[in-house]
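Hello,

I am passing the structure on to you. Please open it first and keep it beside you while you read the notes below.

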Amino acid sequence: MTNEALTNPASLPVENGLKGVVSDWSSDQRAFKKVPWGKAMMWVFLLSDTFVFASFLVSYMTVRISTTVPWPNVSKVFSLTVGGQEVPLLLIAIMTFILISSSGTMAMAVKFGYQKDRRKTALLILATAAFGATFVGMQAFEWTKLIMEGVRPWGNPFGAPQFGSSFFMITGFHGFHVSVGVVFLLIMAAKVWRGDLDRETPGFLTGRRGNYEMVEIMGLYWHFVDLVWVFIFAFFYLW
Amino acid sequence: MTHAESHGHANPAPAKLEGQAHPISVYLWIWGLLFVLSFFSYLVDYFHFQGFLRWSLILLFMFLKAGLIIAIFMHMAWERLALVYAILVPTGRS
Amino acid sequence: MTYVPIGHDATVYAPPAETPEPELYHPKTFIGKYIWSQDAKVIAIQYSITAIGVGLVALVLSWLMRLQLGFPNTFSFIDPSAYLQMVSMHGMIMVIYLLTALFLGGFGNYLIPLMVGARDMVFPYLNMLSYWIYLFAVLLLLASFFVPGGPTGAGWTMYPPQAILTGAPGAGWGIILMLVSLAFFIVGFTMGGLNYVVTVLQARTRGMTLMRMPLTVWAIFTATILALLAFPALFVSAIMMTLDLTLGTSFFMPGIVSQGKQLGYGGGSPVLFQHLFWFFGHPEVYIVALPAFGIVSDILSVNARKNIFGYRMMVWAIVGIGALSFVVWAHHMYVSGMNPYFGFFFATTTLIIAIPTALKVYNWVLTLWQGNIRLNVPMLFAIGFIFTFIHGGLTGIFLGNVAVDLALSDTMFVVAHFHMVMAIAPVLVVMGAIYHWYPKMTGRMLDDTLGKIHFWVTFLGSYAIYLPMHYLGFLGVPRRYYAMGDTYFVPDSAQSLNASITIAALVVGVFQLLFLYNLVWSYFKGKPSGDNPWEATTLEWQTADTPPKHGNFGPELPVVYRWAYDYSVPGAAKDFIPQNEPPDLSAAGAGVPRT
């Protein structure tokens, strides 16, 4: 008796929709079909990290309610004077556009990675890293500006001291994520450029073989950093 | 188990690499859309909307942007539902 | 390829999820094999030894606390500050650095890959880092005993503002070291936790569906997810409290007058810390309890020679308890002055958790019902767990109700309750699990007589300790107090009860040394165990070598044909059928096609 399913599992029909959910979760070997280990790990990590940033934002909202001193006018604090005119939130808007652009280049890097276009992938990753570095640089500028104006973690001339505390803590933690991302992007760009992913060279520390899925995993992390910024922009700068 | 065999097992890469191949225009469109949405949320502040109008507009643009990033850039729109639910259900609960 | 598709195999379309031999990192040197090891089994043993080592420190602290409570004014070296420091460190070490690390880092690392039929964890390098960061966190924590001012005395809950003010013992270095150590623990744990989750989800062997996994794996898996989602809240509160301490921010600090001086703080929310802490803290209870549930289910089933009663319900109960544990946290805060409607909500959700929990208890008892029970040492511990867990669970129903809790809050009753339910019960399981899996880890059995003495003293001794403590709580003896002093409502006899508790605690503590002696002695002189001394069905007992070599299984991974609980199957030749034993196709009615 022969059964094609035994010799060629790929011949089996793939369920989709809700039936697919049931069949995937009740199947053997892996719950997420065709998802490499690294990608599954990155998703779970991002889920955990979401809770970190959610806790930060909830805490910020709570102290904003609990403090007895009025909250500063955020729009004014972060305004820049251009040509003698005060433009509110200008720097933050530019930073938002830069981070979104970096997400765009990253998404295209992932696409060209899967097409095995080594050159384009590497260049796009480098562009992403450059955008990221610019973002961190502008954040450093913003920190400097606020510190010069007298904003400190324990107090500021504009209003509630919790404004400075939350600002430095949340943007600092986000900036740390971006910086880590830039470092890893540079490493990834070097790997792509050298052709490590085409040759499946084992990694230096982990011994894991290279492949272009790594670019997508890196991309997931990077988009997440962008995603967090969307929430910070809404809740901290605009609220 | 010879090395060649095991190698084939470990890297079913050619089959997998088909995944997530979308025309570049998708990414450019979303990129542009994110720019527009960010610009709108910036305008909320620029025109000094206040009260519930301000908050609902901020939240609206925020969720639209977040949705686009997750669905398109992070490819969740094309993932199998098993993964989608595994990620979104715990997040929604928080 | 010859394998028989049954059940869900018809949906297989993924390539085999295994790391082939040549891709495994095979260590060559002694250091690579035992120190910087990437083998989950070695990491598990490293985790376990570290956790038990730091747990012994906490055990000694509890002796000192009991000495003070039982015989006040006798030991001059225990002053009120030292007492508070002992309480704080004992609690934090036991809950996080011992139980969480031992269940997830120790048993999780050892059992998950073996039980689901994987060669190793999916990210061995990350797994190694996880242990070393954990070790660093432990060293940071222990370092706080040697810094000026000593360790923190703010209680294991570290509530601000008192944890931050200079009046609390260890307010300088101690609390900062504690917070930084917690942050590192969480980073390290996240690395390990990602491994456990992804290994269970993505690296199972052929035929191993989720609903064929042993309950141990289900429980550790769910507990890990809880930890990955709950620890962030602790991480964030640790960061914010560190900022309050070092930079003078006011996240948790209201405007406050301390020692006649207006401090620079103002506008923060102390209750925010309580919410964050317990959003972590309550799932943490289940991070400790769920693995115990899972392990006990497996030990009971093996030694009753019966399948676990209601396997699917057991799985859903685990998942349900895990999900519910995120919506009950404020029942730790009934006395924080929150809105009574919140109290109503949280009391309701708390009592709802009793449903899946009771379901598990009934199923354990029904597993024993008419079983062919082998009353060996692991089984004794598992049955002991059922007793202590029911006991602690019932007092939990008292405390889950707002009206009762308001009176009992911060008394010895609470101490007795949570020690019964999340100290004694899980520790009994830890002991039982060590007796159960020690033969697989070393190839030798632990001594039976010593084990039985150990069990009876620990089990009866813990009742001698905690039953009277409930009574003390009813009398109104407060917890965390250095000494009772003279009150009009606590009778003098309470003091003699306290003294008897202390003596019981010391006896139980000393007998744990017997257990340690047993562990060391049996490693060299124990009876050789063979591959499957308990005649169990799960995959870890079917390995080619005992202890299993790096890569766990031989050249080929096992293929799973059945669930983990085929004991005493009618008509079968043996009273257990291993998970990887193919079905007998010659029997009538076996119409499964085969190539």
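Helix 3 of chain A is mostly covered, with 21 of its 30 residues buried. In this predicted model, helix 3 covers residues 37-66 and reaches 44 Å from its first C-alpha to its last, close to the 44 Å expected.

Helix 2 of chain C (residues 40-70) has 31 residues and reaches 43 Å, close to the 45 Å expected. Since 23 of those 31 residues are buried, helix 2 of chain C is largely enclosed by the rest of the structure. In the loop between helix 1 (30-35) and helix 2 of chain C sits D39(C). D39(C) counts as buried, at 9% relative accessibility. Leaving aside residues up to four places away in sequence, D39(C) touches D120(C) and H550(C).

Next, the aromatic rings. The count is 82 aromatic pairs over all chains. One of them is W71(A) with F163(A): the ring centres are 5.9 Å apart and the planes stand at 85°, so the pair is edge-to-face. W71(A) lies in the loop between helix 3 and helix 4 (74-77) of chain A and F163(A) in helix 7 of chain A, so the pair ties together parts 92 residues apart in sequence. Both W71(A) and F163(A) are buried.

Finally, a charge over a ring: K574(C) lies over the face of F576(C), at 5.0 Å from the ring centre.

Regards

Technical notes. Residues numbered from 1 in each chain as written. Chains lettered and ligands numbered in written order. Predicted model: local features only at pLDDT ≥ 70, side-chain atom pairs only at ≥ 80, totals over all residues. Heavy atoms only, no water. Helix = DSSP H or I, 4+ residues; strand = E, 2+ residues; numbered from the N terminus. Expected span 1.5 Å × (residues − 1). Buried < 20%, exposed > 50% of the residue type's maximum accessible area, 1.4 Å probe, protein only. Contact = heavy atoms within 4.5 Å. Phe/Tyr/Trp six-rings, centres within 6.5 Å; stacked < 30°, edge-to-face > 60°. Lys NZ or Arg CZ within 6 Å of the ring centre and 35° of its normal.
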